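Please keep the sequence and the coordinates at hand while reading.

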Amino acid sequence: MEYDNNMPIYLQVINQIKKNMIQGKLLLGEKLPSTRELALQYQINPNTAVRIYKEMEQQNMCFTKRGLGTFVTEESAVVTAMREAMAKELLDGFVREMKDLGFTKDELLKVISEQFGKT
């Protein structure tokens with residue numbers, strides 16, 4: 001994973017894990033890697049891996065079972081809410097930038113429709 005210097009690494013890893021959950025690459029209730037394995041997987045400091053799981057637990061993205069490890073949330077509503085929040089964040093930034101370029105709503109919808117057809 002290539003990291004962006006404009007955002008803390010732990011947030012970038014959390015966003016990648018969120019995407020994996022939303023895309024179904026990580027299933028509800030699935031066991032997550034240990035903090036040591038996570039640190040190796042993302043080439044990060046083990047303390048950063050600990051911070052990632054703590055932050056994810058605060059966001060109800062995962063839970064820890066003492067002695068067993070950390071697991072993806074079992075609540076589908078959490079994943080749905082993450083998906084909607086990420087979409088809103090991306091869309092807000094996109095619309096703001098397009099407005100700055102002078103696009104009207106109709107022009108923006110046309111561009112989106114054309115681009116959506118290409119993918």
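Does K88 count as buried or exposed? K88 counts as exposed, because its relative accessibility is 51%, where exposed means over 50% relative accessible area, buried under 20% and partly exposed in between, computed with a 1.4 Å probe on protein chains only.

## Basis of the model

The model is predicted, so that local features need pLDDT of at least 70 and side-chain atom pairs count only at pLDDT 80 or more, while totals for chains, interfaces and linings use all residues. Residues are numbered from 1 along each chain as its sequence is written, and side-chain values use heavy atoms, with hydrogens and water left out.

Two salt bridges are found in a search of the whole structure, the criterion being a side-chain nitrogen of Lys or Arg within 4 Å of a carboxyl oxygen of Asp or Glu. One of them joins the side chains of K88 and D92, at 2.7 Å from N to O. These two residues are four apart in helix α4, and therefore about one helical turn separates K88 and D92; helices here are DSSP runs of H or I with at least four residues, strands are runs of E with at least two, and both are numbered from the N terminus. D92 counts as partly exposed, because its relative accessibility is 35%.

K110 and E114 form a salt bridge as well, with 3.9 Å between the closest N and O atoms. Both lie in helix α5 (residues 105–118), and because they are four residues apart, they too are separated by about one helical turn. K110 counts as exposed at 52% relative accessibility, whereas E114 is partly exposed, with a relative accessible area of 45%.

## The largest pocket

The largest pocket holds about 410 Å³ of space. A pocket is defined on a 1 Å grid over the protein atoms alone, as an open set of points with protein on both sides within 12 Å along at least five of seven lines, and its lining residues have an atom within 4 Å of a point; grid points are joined across faces, edges and corners, and the volume is the space filled by probe spheres set on the points. Of the 16 lining residues, M7, L11, N15, M86 and E89 are the closest to the centre of the pocket.

The elements that give two or more residues to this lining are α1 and α4 (76–100), and α1 supplies the largest share, seven residues. By class, the lining divides into eight nonpolar, four polar and four charged residues, where Ala, Val, Leu, Ile, Met, Phe, Trp, Tyr, Cys and Pro count as nonpolar, Asp, Glu, Lys and Arg as charged, and the others, Gly among them, as polar.

N20 lies in helix α1 (residues 9–22) and counts as buried, because its relative accessibility is 14%. Leaving aside residues up to four places away in sequence, N20 touches K25, L26 and Y42, contact meaning heavy atoms within 4.5 Å.

## The β hairpin

Strands β1 (residues 62–65) and β2 (residues 69–72) pair in the antiparallel sense over four bridges, pairing requiring at least two DSSP bridges between two strands. T64 has T70 as its bridge partner in β2, and C62 stands opposite V72. The two strands form a hairpin with three residues between them, and G67 in the turn has a positive phi of about 85°.

## The loop between α4 and α5

L101 lies in the loop between α4 and α5 and is exposed, with a relative accessible area of 62%. L101 and N47 are 54 residues apart in sequence, and their C-alpha atoms are 42 Å apart in space.

Definitions and conventions:
1 Å grid on protein atoms, 1.4 Å probe; cavity = no way out; pocket = protein on both sides within 12 Å on 5 of 7 lines; lining within 4 Å.
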